[in-house]
Every structure is written in C-alpha cells, then in structure tokens.
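Please open the model in your viewer and display it as a cartoon.

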Amino acid sequence: MKRVLIITYYWPPSGGAGVQRWLKMVKYLRTYGWEPIVFTADNAAYPVTDNSLLEDVPNDLLIWKHAIWEPYEWYKKFIGRRKSEQVFSGFMQEEKKASWKDEMALWIRSNFFIPDARKFWIKPSINYLIKQLQQHPVDLIVSTGPPHSAHLIALGVKQKTNIPWLADFRDPWTKIDYFRQLKLTKWAADKHSRLERSVIETADIVECVSWHWAADFEKMSNIKVEVITNGYDDEDFENIKTQPSGKFSISHIGSINRDRNHKALWGALKSLCIHHEDFKKNFELVLIGKNDAVVYRDLEAFGLSSNLKRIDYLPHKEIASYQCNASVLLLPLGDMPSVHGLLPGKLFEYLAAKRPILVIGPEDGDSARIINETNSGVCCNFFDEQKMEKQILLWYRLWKQGNLKVQSKNIDQYTRKNIAYKMAALFDSIVS
C-alpha cells in the first residue's frame, strides 16, 4: 500500500465536529490502497471529549504524537475561570456579559496567536516529523484545518522534504464566519492573508468541502481547488430503534451561535403556537449541544421556553438515535459572508436519518443544493418567516396523520466509504 501522513489536531478522544472527517476517512482508506499514519497533538486542550469515537480508530493504526503547549490555562487564569472549565472555540456568548478582561484576551488572541492558539506546536512538530519520516517514509502528506497551524506544519515539512502535499480545508481561513469578529490590527490581518496564500500556493493540491468555498480559494490565487464533501457513516445508523417521543419534535444537533440564531424561525413557531392550540400542546424544540445565551433569551421572549428540551452534549454514538426519531431536523446556517459554501457535517448525518430537513439559509447555497438534489427537505431564506410557518404547519399536519415521511434519493454518494474512495482517487492523482 501507499502511505499517507495525516496531520490533524482533532483526534479521539476529541469530540465535536472537527474530528469526524479524518477519523472516518482513516477508517476506510485502506480499502482503497492507502495506509494512513496519523500525527496529532499529545495532551491537547480539546473543548469536548468523546471516548466512544475511539471505537472507530483501527487497532493497528500508527499514530505519532508530539507534545503541545496551548495558552488556555493562562487564558482561564487571566479572565477568572476555574481550571476545570473548558474553553470553546468560535464565538458563543455565555450568560455573563463580556468583561474588559474578556475583550483584552480576545485582542491578544487575535494579534499574537497567529494563525491560532496552536502556533507553538508548529516548529517542534516540523522537527519531529522530519526525523520520523527519515525512518518511516510516506508517499503523501495531508494537513487538515482548522486549526490552520496544521497546514503550517505541513508547509514546513514540504519545504524540507518535497513530499507531495494535499491541504484540506474543512472551513475557510480568512473568510470563516468568526474572522470578522476578531480584533485584528492591519498587521495581523495581513499576516493571516500571507500565511493562507503561502499554503494554497505551495500545496500540490488544495481541497475543501464545498463548491462556493472552492471558488473563494480559487479567487485568491490562480489554482484549481478540488471539492470533496463530508459524509455520513452508514454503520452509525445500523440497528437504530424507532421510538418517537409522541411530540412533534424539531431537533437541532450541534451549536447555535449568534449568527445561527434566526428570529424569523422563532417568530414562525410563536405564530403557530398562538394560532393552533394543538400545535402548542404537541410541539417540542430539541436542542442538543452548546448554544449562545442569546438563543435561550430569544426563546423566552418568543414564549417558546416551555416547549424546549435542552441537552448540552451527547456522545456521537448516541446522536443517530435522536436524529432518526426526530419529526423534523433543523439546520440553521450562519448569516455571514461565507454562508453560501457552508455545508455542516451534520447535514449528511441528517440525510442518513431520513427525516425532513429544514434549512435556514440562502436558497442558492451549497446546503440548499444538496437538499434539493436529494429531495430531503426544504430551504427557507433567513427572513422568510411566512415560508417557514407554512412549511412547518404542512409537516405538522402530516405528522398528525401519521404520514410525515421523506422520499430522499441519491444519498448513498455521501457515505463515508464513497467519500474515502473519492479522496483516495485524489491521492492517486498526486502520487502516480
């Protein structure tokens, strides 16, 4: 077999969305002639852990680790958090108002930790990998980000060894939703752009998860960017027991930050509760994951708190059951400049659950494209409250009749096995 080194910060026992893509890729790559070696961080400060994901790691997989220092202990001490508290990436406001210390910590993070808080892992990892590769040569290197420090590790190794390199972007870099929320000086913003350009111009292949994002990367430099979407592991959906709760449940799995908190949706649900007494009695909003405090404030303001079922976190192996037993699966996208390319990993698991999907986002975006091509649900623009209300009422009436189903098609192309096949074919195109 040909050998591929995969540089990834997120690896079990890390939980959350960031670990899924390459964990599942590693699970199936051997089927298509590639032996993976994983390089990851030792003692990383993961925001969430999920030991159940270790079950997907092949027993005889070669895993290299190097110690990482991250500034989170300093950060927690500076802003007055307990050592035991976990720090979540992205921007989700908690119940307390941001203090001057929070603002100062954000400014420091934005301007001194470039490209991210894992920057101190870059140079030691380059030196470590060059020594390892002398004894264990590989045919190809893959880096996956964010964090984009992983790409800079690969860049350093590429410059020293000239091993072919594929840069995988699970999210954009300078066009990611929270980039505009960083308190960047012009110097810091320019440095991000220079580093991003050096990665996309040096990698042998640049690849990302959606078509609009590929077009954005192509505009930065005259290169062809490949698209390999995320997917779902059909093994995760075997032997799921159907046990509906008896409620018309609209369920969301994952985080809802401020950009994904859509008042038009809450308004549509409020209107249905007011004008349809039985809807108020039968409706349940299920939120599984960490959410911005503004979500709960708005649900209270719209009179929906009594219909809320809140679960802060579930191990990944338990999520499929909730997805399959939901009446409707909710996918609110962030109202941000890069939203047209936003294809959350959960969308593909929603497809596997075969429940109607309600996407809140642009009707000409990549999520809407997949929903329409697979006949898996409906997409409503951010502010189209009337369409949301009409569609939810239609689904509710079908639910009452016991006839709420989805006639999806062509979803098999998004199994993790097929995605790994496409990735292996891309590897083969680099290493002939």
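This is a predicted model. The tour begins with the sheet and then turns to the helices.

**Stop 1: the sheet.** Select the seven strands of the open sheet, which follow the order β3-β2-β1-β4-β5-β6-β7 and pair in parallel. At its edges are β3 (62-67) and β7 (225-227), each of which pairs on one side only. On average, neighbouring strands of this sheet are turned by 25° against each other, direction ignored. As a general point, strands of a sheet pair through backbone hydrogen bonds, either parallel or antiparallel.

**Stop 2: strand β6 and its partners.** Next, select residues 205-208, which form β6. Which way do the side chains of this strand point, and are they buried or exposed? Ile205 and Glu207 point one way, Val206 and Cys208 point the other way, and all are buried. β6 runs parallel to β7 and is joined to β7 by three bridges; Glu207 has Glu226 of β7 as its bridge partner. β5 also runs parallel to β6, with four bridges between them. Here, Ala167 is paired with Val206 of β6.

**Stop 3: the α4 and α5 pair.** Select helix α4 (residues 122-135) together with helix α5 (residues 149-161); their axes are 9 Å apart and the packing angle is about 45°. The two helices are therefore oblique to each other, and the crossing of α4 and α5 is right-handed. To view the contact, show the side chains of Ile122, Ser125, Ile126, Leu129, Ile130 and Leu133 on α4, and Ser149, Leu152, Ile153, Gly156, Val157, Lys160 and Thr161 on α5. By class, this contact has eight nonpolar, four polar and one charged residues.

**Stop 4: helix α1.** Finally, select residues 20-29. Why is helix α1 described as largely enclosed by the rest of the structure? Nine of its 10 residues are buried, so the rest of the structure largely encloses α1.

Definitions and conventions: Residues numbered from 1 in each chain as written. Predicted model: local features only at pLDDT ≥ 70, side-chain atom pairs only at ≥ 80, totals over all residues. Heavy atoms only, no water. Buried < 20%, exposed > 50% of the residue type's maximum accessible area, 1.4 Å probe, protein only. Axes fitted to C-alpha atoms, helices over the stretch in contact; angles between N-to-C directions. Parallel < 35°, antiparallel > 145°, perpendicular 65-115°, else oblique. Left-handed = near helix turned anticlockwise from the far one by under 90°. Contact = heavy atoms within 4.5 Å. Nonpolar A, V, L, I, M, F, W, Y, C, P; charged D, E, K, R; others polar. Pairing = 2+ DSSP bridges.
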